[in-house]
Amino acid sequence: MGGIRRVVLDVDIPSNISTVELAEKLGRVSGVKAVNITVTDTDVEVLGLIIVIEGDGVDYDGVKRIIEDSGGAIRSVDQVVVGEYILEINPQLIRER
Amino acid sequence: MAFIEGRYLVLGFLDSVLTTLILGETILNGIRLVIIVTVINLVTAFMAEYIEERASLRHIERTLLMKSGTLLRTSLHKRAIYDALIEGFVFGVVSFIGSSITALSMSIKVLWIPVIPISILGVFGTLMSRYFRGNAILWFALYMILGITASFIGHILSGF
């Protein structure tokens with residue numbers, strides 16, 4: 001069975017941190033093939049982000065280290081996909097809960 | 001790259017010239033005086049800036065609900081130290097220039113007033129007033145009065 005293929009994180013970072021630099025640093029982590037950082041919340045001092053990372057055997061500890069070293073805080077891991085392929089969840093299953 | 005605050009350029013020059021004017025009459029070795037003024041200003045500027053940066057990090061920690069000291073292990077803290085070092089260095093260099101010019105030209109006087117440093121202070125005041133669109137003549141006079149007062153204090157202290 002393969003390693004981590006996708007991880008979706010809810011992250012808060014200080015607003016003086018560059019999201020471009022953060023994305024570039026995350027892109028260099030072992031196993032990462034693509035990074036999507038979307039700002040969901042803006043404040044004077046804090047940016048709320050959703051970070052989606054996809055790849056092949058993503059080094060999650062490396063990802064966590066980069067985010068924390070940049071002064072960010074991982075609030076929650078909203079989705080993790082592990083295996084030979086990316087298994088998408090049926091939205092109907094979420095709605096029915 | 002660190003953004004160099006304008007206030008450090010003003011503070012560095014003004015502080016060093018006034019300190020040299022006051023102490024120059026009692027510490028007759030010009031080189032020693034310049035080194036003292038430069039080192040003190042460099043260290044104090046670094047500490048002042050570093051404390052500000054640490055306070056800012058602490059504020060971020062509280063905003064992000066982090067434990068105190070969490071950000072000290074991050075690149076943000078390294079950046080804070082680097083920025084404080086740059087500001088301290090700029091302050092030190094400007095202090096060195098201001099103190100050197102003053103020490104080298106203090107011997108040319110009218111009464112107790114070293115003419116060249118006082119004139120340079122006046123010009124500096126005029127340049128500063130342009131920065132915030134103030135009255136150039138007023139700031140020229142103000143800086144000269146500051147310099148004359150400082151040199152008078154130095155003159156009085158040298159008599160003790």
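Mentor: One term before anything else: contact means heavy atoms within 4.5 Å. With that rule, B:T74 touches A:E68, A:D69 and A:G71, not counting residues up to four places away in sequence. This is a predicted model, where local features need pLDDT of at least 70, side-chain atom pairs count only at pLDDT 80 or more, and totals for chains, interfaces and linings use all residues. Residues are numbered from 1 along each chain as its sequence is written, chains are lettered from A and ligands numbered from 1 in the order in which they are written, and side-chain values use heavy atoms, with hydrogens and water left out.

Trainee: Where is B:T74 in its chain?

Mentor: B:T74 lies in the loop between α2 (30–63) and α3 (75–105) of chain B. Helices (H or I, at least four residues) and strands (E, at least two) are DSSP runs, numbered from the N terminus.

Trainee: Is B:T74 buried or exposed?

Mentor: Buried, because its relative accessible area is 5%. The cut-offs are under 20% for buried, over 50% for exposed and partly exposed in between (1.4 Å probe, protein chains only).

Trainee: How many residues of chain A are in contact with chain B?

Mentor: 14 residues of chain A, and they meet eleven residues of chain B. Chain A and chain B bury about 860 Å² between them, with 59% of it on carbon and sulfur atoms. Buried area is the accessible area (1.4 Å probe) that two parts lose on being put together, summed over both.

Trainee: Which residues in chain A lose the most area to chain B?

Mentor: A:E45, A:D69 and A:R75, together 44% of what that side buries.

Trainee: New topic. What does β1(A) pair with?

Mentor: β3(A), through nine bridges, and the two run antiparallel. Strands pair if DSSP finds at least two bridges between them. A:R6 stands opposite A:E54 in β3(A).

Trainee: What else joins β3(A)?

Mentor: Strand β2 (residues 32–42) of chain A, also antiparallel, with nine bridges. There, A:T38 stands opposite A:I50. β2(A) and β3(A) form a hairpin with three residues between them.

Trainee: How many residues of β3(A) are buried?

Mentor: Seven of its ten, so to speak mostly covered.
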